[in-house]
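Visitor: I am new here. Could you show me around the aromatic rings, please?

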Amino acid sequence: MQPIRTFNVSPSLPAQLAPLQKLAYNLYWDWNIEIKDLFRRLDRDLWETTRHNPVAMIAQVSQTRLQEAANDDGFLAHMERATAALTDYQQSRDWYKKHHGNASPEAKPCFAYFCAEFGLVDCLPIYSGGLGVLAGDHLKSASDLGIPLVGIGLLYQQGYFAQYLGADGWQQERYPLNDFYNMPLALERKPDGTELRIAVEYPNRLVYARVWRVQVGTVPLFLLDTNIEPNSPYDQDITDALYGGDLDTRIHQEIMLGIGGFRVLQALGYAPTVYHMNEGHSGFLILERLRVLMQQEKLSFPEARQVAMSSQIFTTHTPVSAGFDLFPPDKAMYYVGHYANSYGLGREEFLGLGRENTGDLDSPFSMAALAMKNASFVNGVAQLHGAVSREMFQNMWPEVPLSEIPITAITNGVHARSCVAKSNQELFDRYLGDDWAEKPADDHLWQKVQTIPDEELWRNHEHCRSEMVVFARDRIISHLKERGATGAEMQHVQNSLDPGVFTIGFARRFATYKRATLFLRDLDRIKKLLTGNKERRVQFVIAGKAHPKDIPGKELIRDIVQFTRSEGMNSVVFVPDYDIYVSRLMVSGCDIWLNTPRRPREASGTSGMKASMNGLPNVSILDGWWDEADYVRTGWPIGHGEMYDDETYQDNVEANAFYDLLEKEVVPMFYDRDSEGIPRRWVAKMKDSICLNAPRFNTARMLRDYADQGYVPAHQRQAIMVGNSYQNGKDLAHWKARIFENWYEIKIKNVDAATPEQLGVNQSIEVKATINLGQLQPSDVRVEVYQGAIDSHDGKIMNAKTVLMNSTKTTNGETFYTGTISYEASGLQGFSVRVLPNHPHLSNPHELGLIHWA
């Protein structure tokens, strides 16, 4: 029977416990030990069964227990400390104000951060993996640093999926419904108390969404929910599941995220000065921004595009072209083609906004290309990934040297207070001070890691390992009971894992390129490591999910599970239904972290960063973040960064390299104990992992980089573009049009360099060039000498540097330029001359993609 009316009933809290509501609805509790312990203290069992959800726990805890807590002076004192901690936190976040408080004071900074998923806490399961957890950590560190950020995403009724395993080890999926009213989020309402709703145009209809707020410290996250009337059942399911459905479902979600998210910010009164697209899913916000600028500010399309571009940032997390969302041209036109009419553009001109090659009329509409072509700052998520991205997209900047493609890199990080185990945090607080989580790498504080007594660090880690082993057994047995497994199966699990044995952790998304089964490449060799030497045993704890449609990924899981069930094999377990909570136990409870991607397919990877913050060394392929870490002092590299054409050969080589490391270096070091049972050399490596990796690979450093390199410069560009009633933006758009119109009239008539037969190192050479600029002026261009050593393989200039040439005079339409160069190294060297567009308001010299070579 369906209800005729529904109510949201709030728990009846005693007046003395009213602060619990405020604490529960701010996710600061997730990274504050005092507040988290308060909720655990209220009802330890309920804290666990509600997936550490204080809102659900308060709703379910008995009135008797609430009254007991209200009369407990110790609990009330604890609550008072927790409330004071939150208040103090909200008032003391001042890094941004101290470092960038005077950036363009004429405009209030507001940075809108769009992402398709956010992994914040395990009781809010609207994430699938690394992208979402990274986005959640992004918000947390923005809050820690006082960065004026606001998040935009979608609220999924079913989230991603809950994983369980069949009797044969095959991954199955459940889709439990999220009860939003018992989660740490709240509906946004208008002043009259009604729900705030926005409407978005879809073909032949409007789709409505309501808005939920998640408070992440000082940062609000707004999530759109279409599961409401008067939407049709199909439209209600737009926000049903993350990464579910077909291509039509995907474009429906991305329209709601980008266009709907933009309208939410407007409805709430936000005026972002920067829009950050974390992956291309939200790229349609660009189309809506252009429409609004044209209609409300009366700008032309080129003017609106210039103004929008100045303040848009795009971060790509994908190292392969196949990973980007691509929509067939007809589908793109069907869903968003009405924007072409409002811009006054033809079909192909409009589709060109989202094509890497605008001349390829058969190519699909790429969300990554749309974002990249309309952003003033583009970055990858690790230094190697930045290089891979420049190579992947170099056709968008023809003739621009690969190293100068305007895609930079800001290496990912993780939020320290979220991923470091409670006991480790308390240890660090005791020896480093309570502000270690945000200190940069050059702070002397990190030297204090070496003062932590070896015995204390090691005993604490052994406790983490024991806690993880107990949890892993309990989680697996719980899942076995659910599917009606035999007593023998459960006993097998009960006998698995030993809290005193060297434990290797592997947990991540089960995509085939991550090669989760590489450690099983040589079964005889791995079995010998697992069971051969009773004094130096090895065990594995493995977890992760495959996308429901990824059959090869599911096969990897099945192969591992079947191996764990083989006779006498108690040293490998697969922990089902991997989530944030499981991750936190594993990255603190394992002894070493394994990662075996096929280089360079791992854009960044973050689980190894979390492990290193807890003192775990890494053993990994040199890919993603590990390629730029100190992989000698803080772990072991598998291989030396080689690339292979033959994948079978690569798997054999790298599996054997892994076995060699375990047999000859890793396992012997772990079991090399002194008279007190302490592995001193291993503990030294643990300390190096903490002091070298924790400050470099955390989101405090990452957010400082985004603020310094991305947000503040974009905010300042936005202030310039909108100043004087958008006149600067208009002028720049008109200047670009003039440059495009006249660029191909440029002719480099002559280049001359007076060089002796034998040129010495650091000997100066004067270079002269005569250039016909056509209708352009010398102030419109930048002329440079491009110099460097000659590559013996292809004859091109490599490791180049540029020297600006100065114009000396203009006669009869020809401008004369001079510059002085020298070479710091001997050998075969060379130079060329090039012309680039030049304007003080360009975000980078290659913004127009124009370059003219001699």
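Visitor: What makes Arg 673 count as lying over the face of Phe 670?

Guide: Happy to explain, and please keep in mind that this model is predicted. Arg 673 is placed at 4.8 Å from the ring centre of Phe 670. The cut-off for distance is 6 Å, and CZ must also be within 35 degrees of the ring normal. Lys 809 lies likewise over the face of Phe 816, at 5.3 Å from the ring centre.

Visitor: How many aromatic pairs are there?

Guide: The count comes to 40 aromatic pairs.

Visitor: Why is the pair of Phe 284 and Phe 365 called stacked?

Guide: The centres are 6.4 Å apart, with 15° between the planes.

Visitor: Why is the pair of Phe 510 and Phe 574 called edge-to-face?

Guide: Here the planes stand at 70° and the centres 5.9 Å apart, so the pair is edge-to-face: the cut-off is over 60 degrees. Phe 510 is in the loop between strand 15 (502-507) and helix 22 (523-532), and Phe 574 is in strand 17 (residues 572-575), 64 residues apart.

Visitor: Are Phe 510 and Phe 574 buried or exposed?

Guide: Both Phe 510 and Phe 574 are buried.

Notes: Residues numbered from 1 in each chain as written. Predicted model: local features only at pLDDT ≥ 70, side-chain atom pairs only at ≥ 80, totals over all residues. Heavy atoms only, no water. Phe/Tyr/Trp six-rings, centres within 6.5 Å; stacked < 30°, edge-to-face > 60°. Helix = DSSP H or I, 4+ residues; strand = E, 2+ residues; numbered from the N terminus. Buried < 20%, exposed > 50% of the residue type's maximum accessible area, 1.4 Å probe, protein only.
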